[in-house]
Structure formats: structure tokens, C-alpha cells
Amino acid sequence: MRYLFVHQNFPGQFLHLLRHLAQDPANEIVFISEPNASQIQGVRRVAYRLPRGGMDGVHPGARDFDLALLRAECVARAALSLRELGYRPDIVIGHHGWGELLNLGDVFPGVPVLGYFEFFYHADALDVGFDPEFPSPESIRPTIRARNAVNLQALALGGHGHTPTRFQWMTYPDWARERIALLPEGVDLSACSPDPSAFRRPLPVAGTVIAPQDRLVTYVARDLEPYRGFHVFMRALPRILAARPDVRVVLVGGDGVSYGARLPQGAWRARMMAELAGRIDPDRVHFAGRVDYDTFRALLRRSDAHVYLTYPFVASWSLREAMAMGCAIVGSDTVPVREFLADGRTGRLVPFLDPDGIAEGVLEVLADARLSARLRRGARRQAERTLDMAAYLARYRDLIDRVARRGA
């Protein structure tokens, strides 16, 4: 079978699927993306580059769409070069979020497209207006609605789509859901497995060493920002540190902004450290930045309490991996997290907006060995039941085959 994948950041959501498909030498796989250093054996890469230029004169609400149309043109040119070389895929698979798939039907008429639908934006619900610390003015609503321009264009093209969680599926309008399959993503349960011996070894990380007698609290996000509850977690730390002198805290994440608005200047880490000056012991709170995957896994396997917080927004892959590694998870009692964790069985759910409630949840997990063991077992078993990679890939292949047959 001939595959054409598209994602601006290779390999995006498709790492495990690509590795799986590349095992069959009968498959031909081409991936169009912006340049980066990543490579997967058996996958041929074709790069596109966005032309440089400003957006002077573009309405603020149209900037995302303007960039999406530009990406669509660049990807279509790259696809046209493939067509001229004689490559016609049996199916196109990609992510609808950046507009890259919009023009491929013109290049490859009749070729079915299977697109990843990640999130449908709402101007007065879900993430927008969730956190009263950051009220959303009414003037921003048109801009938020306009962010669905690519979603709506993709749906209008009549292709096939999928999304990984019921929460994400429910963000789409009723009329759109019948076109979007629910395809829960999997985790490599072998690579992400518990390791009880990790608690008996010193763990060097972030310029320090976590000793076996230390109680380790972990927090992971792509970037340290409000969408992932960084600000409220930081405000929970003084109580946690005061109650447990044996606690060390390691936070993983960059100083950028992946979601939401940027600060006028500086980063959230600096702002929160300034706010909490004198209340947090810097010798016990360690910022690791972005870490490699082995370090990430070592931290979670050693974690005594792992904190995962999020607005009503797309859940992170790290939550799934934490479940697979049998973490005792303290998670926010928000809709996307409740889809994965049940309070008292597979995690301890706490109110996102309440630093004292978050601290209480962490302290309860640290103090109650029976609760911690129950949560760890429950999280791993739930991962084995619902996040198995082989089962996920089998469902993915079945969906691809069904979509490809419809387009044949």
C-alpha cells in the first residue's frame, strides 16, 4: 500500500503507526513536513518550507487561517512534485490543525484523506473562561470562533476523520461527529512499565540527586504555563513542602507557551518564583527543563506522587504514559482527565483551581501507602485495558483499510 503522511512537525502523532507500517516492505511511505532532523527507517521524507514574511494588514482573527492557507499551498506544491515523479498514494493521512491537508484533493483527486481532528474551539466554554484568574473579554470571541476556519474547511471537504478521546469528539458540533471516528491512542506498555527497583536507587536529575529516602513529587508539561496548571501547582508547593520535609519536587517543561496567551515579558516560571519568593525552598524544588525520553521515564518510575493538571483541553500524552508506568497520579478534576482516571481507583482527582486542594491530594497520596499502592495498580491495569499499543495499531489499521476501500 502507498501512504502519504502530512504533519508540519515530523513524525507528530504518527510515530508508532509509521514504525508499524514500515515493518512491511510492501508498504511505500512518504511523509511531507517542514524540515527537522528526525528520521524513521523506511519512511521517505519530503520537506516544505514556509516563505518568510510578516502579516501586516491581516486581520488578527484571520492570521491562523492565513498561515493555514499558506501551508496548504506549500504542501500541495510538494505533493505535486511527488505526482510528477509518478507517486500516487492509496491514502493520505495527516493532522487537520494546520491546514496542510486542505489542497491535497486537488493534487490527488479521488484519493481518500484520513485526518486527525484535535479540537473544536468554543468562545464561551471549555478552556476559554475556565480560569477566573484570566478572564476573557467579549471582544476575543470572534477571534476564537475564527480559529475553527480550518476545522470547518476540513469538514466541508467530506473526508474521513478521527480523534483520540470522547472529550475531544464532543467538542465538535453534532452534525460533524458522525464523520469523526473515536480512535483512542495507545502507549508502549513495555517501554512505559513500572520499575519498583527505581525507589531503591539514587536518581540524578536537574543538577541534583534524588536519594532513596526522599519522597519525590513530579510534574510534567511541554511548557510551564496556566493551561497545564503550573501556576496553581506552584501555589500548592508551600503547603506540601512545609508538611513534608522529606519531599523533593521536580518539574519538567520549557519556559515557552504552547497554549494560551504569552506574558507581556518573561516566563511563567520566573513570575511564579517571584510571587512565591521566601515560601519555596529552591534546594527542594528543581526545574529540569525539557528532558530526553529516558530521563522522563526514570522520573515517573521513581515518582511518589505525579501531578497532572489541565484546563478542559486536549490531554497530554504524558498522562497516558504516567498511567502505564503505574504512577500514583494526582490529577485535576476536569473533563479530559476524568475520561482517564477514576477518583480513588486509578488516580486522586483534585480541584484544578484550588492550590490547597491540590496540596491535600498530594499529601494524602504520600501519607497513605495503601492508597498509593491501589492507585498505582489501578492506573497500570487501566492502561493495560485501554491503552495497549498493539490494540490501538490494530484499530488504526482497520480504520485505514475501511477508508481506503471507500475511496477505491
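**Backbone exceptions and overall form of the predicted chain**

Ala 206 is situated in the loop that links β8 (203–205) to β9 (208–210), where helices (H or I, at least four residues) and strands (E, at least two) are DSSP runs numbered from the N terminus. The structure is a predicted model, in which local features need pLDDT of at least 70, side-chain atom pairs count only at pLDDT 80 or more, and totals for chains, interfaces and linings use all residues. Residues are numbered from 1 along each chain as its sequence is written, and side-chain values use heavy atoms, with hydrogens and water left out.

Although Ala 206 is not a glycine, its phi is positive, at about 55°. Most residues other than glycine have a negative phi, and most peptide bonds are trans. With a relative accessible area of 36%, Ala 206 is partly exposed; buried denotes under 20% relative accessible area, exposed over 50%, and partly exposed the range in between (1.4 Å probe, protein chains only). A positive phi of about 55° is also found at Leu 126, which is not a glycine. Leu 126 belongs to the loop between β5 (113–116) and α4 (141–146), and its relative accessibility of 25% places it in the partly exposed class.

A cis peptide bond, with omega near 0°, runs from Phe 10 to Pro 11. Pro 11 is located in the loop between β1 (2–6) and α1 (15–22).

Arg 177 is part of helix α7 (residues 174–177). This arginine counts as buried because its relative accessibility is 17%. When residues up to four places away in sequence are not counted, Arg 177 touches Trp 169, Met 170 and Tyr 172, a contact being heavy atoms within 4.5 Å.

The protein chain as a whole contains 15 helices and 15 strands. Its radius of gyration is 22 Å, in agreement with the value near 22 Å for a compact globule of 408 residues; the radius is taken over C-alpha atoms, and the globule rule is 2.2 Å times the number of residues to the power 0.38. Along the principal axes, the C-alpha atoms fill a box of roughly 65 × 50 × 40 Å. Of the 408 residues, 52% count as buried. Among contacts between residues at least 6 apart in sequence, 70% join residues at least 24 apart.
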